[in-house]
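Good morning, everyone. I will take a few minutes to walk through one structure, so please look at the screen.

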Amino acid sequence: MKYLYFRKSNFSLDEIEKRLQDKLKSENFIFKEVYRQENKFLVYGIVFPEMIEEFVKLDLQLLAFYPLNIFVINQENEIIIGVFNPEIITTILNEYNSNYQKFVDFENKIKEIVDEISGGEKRKIESIKLYATTTCPYCAQEKAFLDSNNIKYDYVLVDINPIAAEEMIKKTGQQGVPVTEIIYNDGDSDFIIGFDRQRLTRIIKELKES
């Protein structure tokens, strides 16, 4: 899984800042400027009071994720807007089995903000690749799960394909399977390590809605 969720934008830093401020005000989020370097960097810290209350109920240590920073970077005349990947938070919260859907909604809201501020269309899933082995029971379970939902995907057996195994390790640093690569139409990829039924269910829903 990647640590950042980001999108490229054709807007200037000033335009993005105004769009960002307007969006956060309309959503009644608490936010403030954290860092600025003219024509280079812009970082806003944002707080979701309702989410903080939920985090405190579950585990005080979860507050380490706040404030959440949205950053804008002008890198070689290419504007990038992004945020710490909220999917990491929901993956961790999955262990608590409490109000999980609320945190999934929070994750989607953060990504929607980044998508909207960047001015880009929502990313769409282009393809799915499942790295597996011939003897892995969890790989077989995920394959059956994807098949039962009529999802098309590339099935790659890394124990008989050393080139694919090397590719998987290079991309993720993982040697265990299953590893699921979600490939988007902007050329970026997300990775699901292990058979994560809840995350795959969300991916399937996203595919069917697109």
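I begin with a term: a residue counts as buried when its relative accessible area is under 20%. With that in hand, look at helix H7, where Arg 199, Leu 200, Arg 202, Ile 203 and Ile 204 are buried. H7 has 13 residues and spans 18 Å from its first C-alpha to its last, close to the 18 Å expected at 1.5 Å a residue. Keep in mind throughout that this is a predicted model.

Next, the sheet. In what order do the four strands of the open sheet lie? The order is S7-S6-S8-S9, and the pairing is mixed. At the edges are strand S7, residues 154–157, and strand S9, residues 189–193, each of which pairs on one side only. From one strand to the next, the twist averages 20°.

As a reminder, strands of a sheet pair through backbone hydrogen bonds, either parallel or antiparallel. Here, S6, residues 125–132, and S8, residues 179–184, run antiparallel and are joined by six bridges. Ile 125 stands opposite Tyr 184 in S8.

Two helices pack on this sheet. Helix H6, residues 162–172, touches S6, S7, S8 and S9, and its direction makes about 115° with that of S6. Helix H7, residues 197–209, touches S6, S8 and S9, and its direction makes about 150° with that of S6.

Now the nonpolar cores. Which residues have the most contacts inside the largest core? They are Phe 48, Phe 55 and Phe 106, in a core of 29 residues. Among the elements that give two or more residues to this core are helix H1 (13–26), strand S3 (41–47), helix H2 (49–58) and helix H4 (100–118). H4 gives the most, with six residues.

Take Phe 48 by itself. Leaving aside neighbours within four places in sequence, Phe 48 is in contact with Phe 29, Tyr 66, Leu 68, Phe 106 and Ile 110.

In sequence, Glu 54 and Phe 103 are 49 residues apart, yet in space they are 9.1 Å apart, C-alpha to C-alpha.

That is the end of my part. Thank you.

Key: Residues are numbered from 1 along each chain as its sequence is written. This is a predicted model: local features need pLDDT of at least 70, side-chain atom pairs count only at pLDDT 80 or more; totals for chains, interfaces and linings use all residues. Side-chain values use heavy atoms; hydrogens and water are left out. A nonpolar core is a set of buried Ala, Val, Leu, Ile, Met, Phe, Trp, Tyr and Cys residues joined through side-chain atoms within 4.5 Å. Buried means under 20% relative accessible area, exposed over 50%, partly exposed in between (1.4 Å probe, protein chains only). Contact means heavy atoms within 4.5 Å. Two strands pair if DSSP finds at least two bridges between them. Axes are lines fitted to C-alpha atoms, for helices over the stretch in contact, and angles run from 0 to 180 degrees between N-to-C directions. The expected span of a helix is 1.5 Å times one less than its number of residues.
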